[in-house]
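Dear colleague,

I am passing on the structure we spoke about, and below it you will find my notes on what turned up. Please read them with the model open beside you.

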Amino acid sequence: MTALLEVSGLARQFRVRRGAWPFGRSATLHAVDGVSFEIEAGRTLGLVGESGCGKSTTARLVLGLTQASRGEVRIGGEKLPPTGSAPWRAMRQRMQMVYQDPLSALDRRVRVGRQVMEPLAIHGIGASGERREKAVAMMEAVGLAPHHFERFPHELSGGQRQRIVLARALIVDPQLLVCDEPISALDVSIQAQVVNLLLDLQARLGLAYLFISHDLRMVRQVSHEVAVMYLGRIVEQGDPDQLFATPAHPYTRALVSAIPVPNRGARRRLVLAGEPPNPVDRPAGCAFHPRCPFAVARCRAEIPELRTLADGRRAACHLVEELPQSWAA
Amino acid sequence: MAEPLVALRGLTVDFDTGKRVIRALHGIDLDVAKGEAVGLVGESGCGKSVTWLAALGLLGKQAHVGGEVRIEGDNLVGAPVATLERVRGRRIAMIFQDPSSSLNPVHRIGRQLGEALTLHRGLTGASAAAEAQRLLDRVGIADAARRLGDYPHELSGGMNQRVMIAIALSGQPDLLVADEPTTALDATIQAQILELLGEIRRETGMALVLISHDLGVVAENTDRVCVMYAGRIVEDAPIATIFGGASHPYTRGLLAALPELEGPRRRLVPIAGVVPEPWNLPSGCSFAPRCERVIADCERAPPASEFLTPDHRVACIRAGA
């Protein structure tokens, strides 16, 4: 069986200018540099990494909102048509996006019910009377009451707004939902409500999620598989329990040990020196080597391939088998 | 018990919007001892930032502050500007969430640090420059001498937060109030900044109030945590007590809503409903409408804060039950 979403060798470069116009030199920014993964129906891939690592660009590439420089995206075995074309618009019905900030994803001057119905009109689904019915039913499915239909976005709480965004995405019966930091703007007690809702919807509708977040705890909660990105590449990918309990790649180790926990006990923290470099100045060899406490000469020269390890997960590190087992080194 | 460094007593804040007066803080009692690290946790709008902005007289004219903020005999509420300026920066310094908006974008880092040094310690010229360089070095900025000539936009978010910490340290304060100091930063940079704050505290014996929405961050970096809800402290206890035996249903709810990093995945238990609007608070306990353990008495009056043990205080009539 082929996976619902197949992404292979996906890359996107941007031409940027370094320094002030008109004197700056033109340079190439590799936002995403050869990313491959698959998501099956009803399953979730969690994508984690720090700002600027290319997670959001990956999300946009998957939906065709940004044109890829290389590589391809297949949905249900079909190649994603060129952005903006009629077949692409039709295919967009099968894949929807949920953004971080629901208030800016909604039109403040339009009643939320109309916004939930709008995708039906865009894709020409149903007659206008049915559309309203369908929208009310979808709003109920995400835990909103019919009286919310006539409200404006500012009259709803953050959690309710995110439910509206979800209802609007789900009303066209998509197979894939790309969620870019869907709970980061919400308060802790509301995050749990939205995460539970996402899990319930997945169980009921068999949705596949590409779940992007910097919150590793939440990613573990929702994901069947996790991929860690650093400067446009996947550096580790595997089962969430395994990946968070015994991270293999030094960057994953640092990310996991950076999560604050109430009882740290004997586990030491691996605090990285420095900051992620500017993606325009991607270091040669392994992009992580300037911050890596284990780096050797080979890391500075040779880009490590993402390869399958003995325990089934995949990591892109020359030294991964030789590193100390204890996860914070 | 020793005299606390700072004592808040019945601190209230009312915002006058012109049309109505909205109470944002309903009487905060909080002591911070010398060298102690206290966490202040709560969701947006619970008043955790307003508490310290009010204490330092930083709220502006629409805010009416009541109660007392005592630091070594002085009461800061309603105090003349001269008294406040003796305290701000020198006794109590504050850093904020977004470092780049706290720094002036059109002045070099060195000038901004120098200004604080002149203001708080009377240093000028070469001695100020030398001290500025020492401070930048102290907060872990490499090549400090050259960085003094940089503008904030030339530094990353993490670096700017280090500069803010350096400016806060320039007055050698007894207490640093850090309001969500790492929320805008990436995970690995957050770890660096929190490590730095811990180091400075061990070195100088400075007290710390860490305001955060993240229980994990507070747990790792403070000795004691105050949980706030709708303008009140609902629970105040040592970290181990909060994580081992929290009493207030809201604290328990926050903990249950947090996913684990290890062990079996369990379904999260969200807190039902939403935080009430400050102008529309229930007459009794503010948490009652969302509380699982609510009884009729909860809706009668806001519960008083009671000590369960000498270091564990809870505002819930069902805490002992």
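What distance separates the centres of domain 1 of chain A and domain 2 of chain A, taken over C-alpha atoms? In this predicted model, the two centres are 30 Å apart, with domain 1 made up of 5–15 + 29–223 and domain 2 of 242–329.

Where the two domains of chain A meet, 12 residues of domain 1 are in contact with 14 residues of domain 2, and the area buried between them is about 990 Å², of which carbon and sulfur atoms give 67%. On the side of domain 1, Glu50(A), Leu216(A) and Arg217(A) supply 50% of the area that this domain buries against domain 2, more than any other three residues.

The count between the domains is 1 salt bridge, and the side chains of Arg291(A) and Glu50(A) also meet in a salt bridge, at 3.7 Å from N to O. β2 (25–39) and α8 (216–222) each supply at least two residues of the side of domain 1 that touches domain 2, and by class that side has 4 nonpolar, 4 polar and 4 charged residues.

A separate point concerns Glu236(A), which is found in strand β10 (residues 233–238) and is buried, with a relative accessible area of 0%. A polar atom of the Glu236(A) side chain lies 3.1 Å from the backbone nitrogen of Ala248(A), and, leaving aside neighbours within four places in sequence, the contacts of Glu236(A) include Val226(A), His249(A), Arg313(A) and Arg314(A).

Technical notes:
Residues numbered from 1 in each chain as written. Chains lettered and ligands numbered in written order. Predicted model: local features only at pLDDT ≥ 70, side-chain atom pairs only at ≥ 80, totals over all residues. Heavy atoms only, no water. Helix = DSSP H or I, 4+ residues; strand = E, 2+ residues; numbered from the N terminus. Buried < 20%, exposed > 50% of the residue type's maximum accessible area, 1.4 Å probe, protein only. Polar contact = N/O pair within 3.5 Å; in protein donor to acceptor, adjacent residues only side chain to side chain. Contact = heavy atoms within 4.5 Å. Domains from an automatic or database assignment. Buried area = accessible area lost by both parts, 1.4 Å probe. Salt bridge = Lys/Arg side-chain N within 4 Å of Asp/Glu carboxyl O. Nonpolar A, V, L, I, M, F, W, Y, C, P; charged D, E, K, R; others polar.
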